[in-house]
Amino acid sequence: MGMRTRGSGSNDPRLRAREERARREAAALPPEPAAPPASAAEARAAREARAAGSTPTKRSAARPGSSARGRAAARSSEGEAAPTRRARTQPSPEQRRRRRRKIVAVACSAVVLALVCAVVGGFSWLRWFSADDAADIQGTWYLAGTSTPIEITEDRINLTKDVSYRYALDTGDKTIAFTFTNLAGSGCYRFSLDRNQLALVDGSFTGGDTLGRDIGWTLEALVKKLQGETLAPAEAGAEGLTLLSRTPSGGA
């Protein structure tokens, strides 16, 4: 009961001898050399290598053929978008018709405006700037249809050697004012286009009155001139009319 089995306890002399011999051998062995410390670059390279080995890249993780299908889809979408953009830029037939109508309307308006400007400019030049009324009224005139002379100077109208009266022209309004002793009168005047006839009409007129009367007469006179005729400056049926001509005609 009190005996120990051989080789099972630490009191065995042979076991103790072997343990002692192992300790001596271990103490006699030189220590293993420590691994040199890794540099920072080597450590970083090692970490990157481990990360590359453990984590798949995006390219390797992508499914085979996905890039090709993506490129094909992009080309297809671009091809579909190009006709759409072209269709948006091309106007519809209704838009083209409206554009043509707008161009025609603008062109017609421009032509009408040009004609109006030409008529107004031509009339203004003919009425106010083509001649000098104050100079053209002077000289010898004859009562229409007679050979009776009337002398007009710069400021007087001499009916005879003994009868004359003063006058003053307003070349802008085409009106004339008369004075004879203590009597006074007024009227308007108009020359023919060739300046060889002169019409004097008694009455009270403004610039607007004479302008309105002269527009219609001027247009008619221009038409007659194109036909080779001369329109007299007198208006048919005008009251207080005196018509003068540069050339005598008829009787006394």
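Tutor: Thr181 counts as exposed, because its relative accessibility is 70%. The cut-offs use a 1.4 Å probe and protein chains only: exposed is over 50%, buried is under 20%, and partly exposed lies in between. This is a predicted model, in which local features need pLDDT of at least 70 and side-chain atom pairs count only at pLDDT 80 or more, while totals for chains, interfaces and linings use all residues. Residues are numbered from 1 along each chain as its sequence is written, and side-chain values use heavy atoms, without hydrogens or water.

Thr181 sits in the loop between strand 5 and strand 6. Strands (E, at least two residues) and helices (H or I, at least four) are DSSP runs, numbered from the N terminus. The phi of Thr181 is positive, near 50°, and Thr181 is not a glycine.

Now turn to Lys174. It also has a positive phi, about 60°, and Lys174 is not a glycine either. Its place is the loop between strand 4 and strand 5. Lys174 counts as buried, because its relative accessible area is 6%. Strand 4 and strand 5 make a hairpin around it, with 4 residues between the two strands.

Look along that hairpin. Strand 4 covers residues 164-170 and strand 5 covers residues 175-180. They run antiparallel and are joined by 5 bridges. Two strands count as paired if DSSP finds at least two bridges between them. Tyr167 stands opposite Phe178, a residue of strand 5.

Helix 7 comes in here. Helix 7 packs on the sheet and touches strand 5, strand 6 (183-191) and strand 7 (197-202). Its direction makes about 30° with that of strand 6. Such angles run from 0 to 180 degrees between N-to-C directions, on lines fitted to C-alpha atoms, for helices over the stretch in contact.

Strand 4 has another partner. Strand 3 (residues 156-158) pairs with strand 4 in the antiparallel sense, over 3 bridges. Arg156 has Arg166 in strand 4 as its bridge partner. Strand 3 and strand 4 also form a hairpin, with 5 residues between them.

8 strands close into a barrel, in the order 1-2-3-4-5-6-7-8, with antiparallel pairing. From one strand to the next, the twist averages 35°. Strands of a sheet pair through backbone hydrogen bonds, either parallel or antiparallel.

Finish inside helix 7 (residues 207-226), which holds Thr210. Thr210 counts as buried, because its relative accessible area is 2%. Its side chain makes a polar contact with the side chain of Arg127, at 3.2 Å. A polar contact is a pair of N or O atoms within 3.5 Å; within protein, one must be able to donate a hydrogen and the other to accept it, and residues adjacent in sequence count only if both atoms are side-chain atoms. The side chain of Thr210 also reaches the backbone oxygen of Gly207, at 3.0 Å.

Leave aside the neighbours within four places in sequence. Thr210 is then in contact (heavy atoms within 4.5 Å) with Arg127, Asp173, Lys174, Thr175, Cys188 and Phe205. So the list leads back to Lys174, the buried residue in the loop between strand 4 and strand 5.
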